[in-house]
Amino acid sequence: QVQLVESGGGLVQAGGSLRLSCAASGIIFSIYAMGWYRQAPGKQRELVASVTNRGSTNYADSVKGRFTISRDNAKNKVYLQMNSLKPEDTAVYYCNRVSVSRRPTDFDSWGQGTQVTVSS
């Protein structure tokens, strides 16, 4: 069974930076596309960044140019570097695999997430 442990969140002022980390186990990590998702209060979980098993990346328009996703297959980890943070980036951030449909609802198993709070 997949286990996902996210870390690195915190409270930061607008314009600041954070680096999130996710450790995955229970899967053959290197064959999966991985992504970072976020869920703000009262909103649905959304995919904000993804990286294929070959390293190709994709970003939601809302974070393009500010966030960078990367992965280390040797360590079974995926990272999200977040720069120029905005208050609207405030959410709980989760990592998980990315399905062909790219829908978060395709997965039942999630980690605890890590809270990111951006103050104005």
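The legends below describe close-up views of a predicted model. Residues are numbered from 1 along each chain as its sequence is written, and side-chain values rest on heavy atoms, with hydrogens and water left out. Because the model is predicted, local features need pLDDT of at least 70 and side-chain atom pairs count only at pLDDT 80 or more, while totals for chains, interfaces and linings use all residues.

**View 1. The open sheet of four strands, ordered β1-β3-β8-β7.** Pairing in this sheet is antiparallel; strands are DSSP runs (E, at least two residues; for helices, H or I, at least four), numbered from the N terminus, and two strands pair if DSSP finds at least two bridges between them. The edges are taken by β1 (3-7) and β7 (67-72), each of which has a single partner strand, so one side of each is left without a neighbour in the sheet. From one strand to the next the twist averages 15 degrees, where axes are lines fitted to C-alpha atoms (for helices, over the stretch in contact) and angles run from 0 to 180 degrees between N-to-C directions.

**View 2. Strand β8 and its pairing with β3 and β7.** Strand β3 (residues 18-25) runs antiparallel to β8 and is paired with β8 over six bridges; within this pairing, S21 stands opposite Y79. Strand β8 (residues 77-82) is also joined to β7 by six bridges, again in the antiparallel sense. The bridge partners between these two strands include F67 with M82 and D72 with K77. The hairpin of β7 and β8 has four residues between the strands, and N76 takes a positive phi near 55 degrees there.

**View 3. Strand β4 between its partners β5 and β9.** Five of the six residues of β4 are buried, which leaves the strand mostly covered; buried means under 20% relative accessible area, exposed means over 50%, and partly exposed lies in between (1.4 Å probe, protein chains only). Strand β5 (residues 46-51) is joined to β4 by five bridges and runs antiparallel to β4, with M34 and V51 as one of the bridge pairs. The hairpin of β4 and β5 has six residues between its strands, and G42 in the turn has a positive phi of about 75 degrees. Strand β9 pairs with β4 in the antiparallel sense over six bridges, and W36 has C95 as its bridge partner in β9.

**View 4. The aromatic cluster of Y37, Y94 and W110.** The structure holds two aromatic pairs; rings of Phe, Tyr and Trp (its six-membered ring) pair if their centres lie within 6.5 Å, with planes under 30 degrees apart counted as stacked, over 60 as edge-to-face and the rest as tilted. Y37 and W110 form an edge-to-face pair, at 5.0 Å centre to centre and 85 degrees between the planes. Y37 lies in strand β4 and W110 in the loop between β9 (91-97) and β10 (114-119), so this pair ties together parts that are 73 residues apart in sequence. Y94 and W110 are likewise edge-to-face, at 5.9 Å centre to centre and 80 degrees between the planes. Because Y94 lies in strand β9, its pairing with W110 ties together parts that are 16 residues apart in sequence. Both tyrosines are buried, Y37 with a relative accessible area of 0% and Y94 with 11%.

**View 5. Arginines over aromatic rings.** The charged end of R45 sits over the ring of W110, 4.3 Å from its centre, and R97 lies over the face of Y32 at 5.8 Å from the ring centre. A charge sits over a ring if NZ of Lys or CZ of Arg is within 6 Å of the ring centre and within 35 degrees of the ring normal.
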